[in-house]
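Okay, everyone, thanks for coming.

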Amino acid sequence: MHEDGNGGAEHAATPEPARGVDQPGFLALERELTVLLRRARASQGEMARAVHPDLEPSAYGLLVRLDECGGQRATELAAYIGVGKATMSRQLRALEELGLVAREPDPADGRAWLVAVTREGRERVSRVREARRARYAGRLADWDPAEVTELARLLHQLNRGTEK
């Protein structure tokens, strides 16, 4: 049936295109992630200033991590964020000076220190995060709640995949 003399057999045997980076889905993904990340960087600066006018945007993520996970060693934070020890030390020192974090002895190792969010830091971060969630809720008010849940699931899957 396919061997009709018009090249049908060859067409039937042609493999599907490779799922390479030039596929429309990956091109659209790259474009949309670029927009999302650019807006996220701008938003992070706004949120940092809302926590404290002198807070660096990059330090905002540290506060959120500490707020969610509790006290951690500076080396753990540096590895999670993906920065060197010197950068982490500078950011933590700035957060300490602003009264947003404090160091406490590590109960598991008396030679080490844990960095934890202070009560003031926790209250400020909580206020900003609640306002951000309210902003998301307003912008996505016309979405079906299942779509919001699915977006969160897919973003989580993407984040897990980029940790590898």
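I'll go through the fold, then the surface, then the aromatic rings.

Quick housekeeping: this is a predicted model, where local features need pLDDT of at least 70, side-chain atom pairs count only at pLDDT 80 or more, and totals for chains, interfaces and linings use all residues. Residues are numbered from 1 along each chain as its sequence is written, and side-chain values use heavy atoms, with hydrogens and water left out.

So, the fold. We've got seven helices and two strands, taken as DSSP runs numbered from the N terminus, with helices being H or I of at least four residues and strands E of at least two. Starting at the N terminus, the order is α-α-α-α-α-β-β-α-α.

Of the 164 residues, 22% are buried, meaning under 20% relative accessible area; over 50% is exposed, and in between is partly exposed (1.4 Å probe, protein chains only).

Now the outside. The protein exposes about 11900 Å², with 54% of that from carbon and sulfur atoms; those areas are Shrake-Rupley with a 1.4 Å probe, and for residues only the protein chains shown count as cover.

Have a look at the nonpolar surface patch: L36, W143, V148, L151, L155 and L158, about 440 Å² of accessible area together. Nonpolar side chains (Val, Leu, Ile, Met, Phe, Trp, Tyr) are then joined within 5 Å. Helix α7, residues 145-162, gives the most, four residues. V148 sits in that helix α7, and V148 is partly exposed at 32%.

Last, the rings. R65 lies over the face of Y80, 3.6 Å from the ring centre; the cut-offs are CZ of Arg or NZ of Lys within 6 Å of the ring centre and within 35 degrees of the ring normal.

Conventions: Patches are made of residues with over 30% relative accessible area and no salt bridge: like charges are joined within 9 Å, nonpolar side chains (Val, Leu, Ile, Met, Phe, Trp, Tyr) within 5 Å. A salt bridge is a side-chain nitrogen of Lys or Arg within 4 Å of a carboxyl oxygen of Asp or Glu.
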